[in-house]
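Please look over the sequence and the 3D structure shown here before reading the briefing.

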Amino acid sequence: MPTIWGRRLLFCQWDAMSEELPIEHIQDHDIRGETRWTGYVKLSNGYRVGVLVLAVGDGLIAVRNRCPHRAVPLLQGRLDQTAGTLECPSHGWELPLVGSDLKGAPVVKRDGQWFLVRTAV
Ligand code: FES
């Protein structure tokens, strides 16, 4: 099992990638009347990182689907669109969608395929 430090390294590798990353194995979820999607992106080293895609404003954003505290999946987290945060369902940490913890990035859908678009680091 990867350590917390190991997961941090995976975050860094996500940062280091410069192209659009296909999101694989997309699944739909209805969370309190709101559609969310989960899937994976594959890194250049072969690791797969789980992502959670959220509708925020007029767009879509993908975040890591693990809390930085204890790696709990964030699918059931409460989204605050005004504050731009996702509340962890386990211990209530308020996690900014964009930033060092969740690595939020825009998502585009082209020809039926979802892509995470890495922005400048
Ligand atoms: S596991 Fe998310 S705040 Fe503790």
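This is a predicted model: local features need pLDDT of at least 70, side-chain atom pairs count only at pLDDT 80 or more; totals for chains, interfaces and linings use all residues.

Residues are numbered from 1 along each chain as its sequence is written.

**Overall layout**

- Of the 121 residues of the protein chain, 26% count as buried; a residue is buried if 20 or more other C-beta atoms lie within 10 Å of its own, exposed if 12 or fewer, and partly exposed in between, with C-beta atoms placed from the backbone.
- Among contacts between residues at least 6 apart in sequence, 38% join residues at least 24 apart, and two residues are in contact if their C-beta atoms, placed from the backbone, lie within 7 Å.

**Strand pairing**

- Strands S1 and S2 (residues 34-42) pair in the antiparallel sense over seven bridges, where two strands pair if DSSP finds at least two bridges between them.
- Within this pairing, the bridge partner of Ile23 is Val41 in S2.
- S1 and S2 form a hairpin with two residues between them, and Arg32 in the turn has a positive phi of about 50 degrees.
- S1 also runs antiparallel to S9, to which four bridges join it, and Glu20 stands opposite Val117 in S9.

**The nonpolar core**

- The largest nonpolar core has 23 residues, and those that touch the most other members are Val51, Leu52, Ile61, Ala62, Val63, Leu86 and Leu116; such a core is a set of buried Ala, Val, Leu, Ile, Met, Phe, Trp, Tyr and Cys residues joined through C-beta atoms within 7 Å.
- Two or more residues of this core come from each of the strands S1 (20-31), S3 (48-56), S4 (59-64), S8 (105-110) and S9 (113-117), and S3 gives the most, with five residues.
- Leaving aside its neighbours within four places in sequence, Leu52 is in contact with Arg36, Thr38, Ala62, Val63, Asn65, Leu74 and Leu75.
- In soluble globular proteins, nonpolar side chains tend to be buried together.

**A loop residue**

- Glu19 lies in the loop between helix H1 (4-16) and S1, and Glu19 counts as exposed because it has 10 C-beta neighbours inside 10 Å.
- Although Glu19 and Arg118 are 99 residues apart along the chain, their C-alpha atoms are separated by 6.4 Å.
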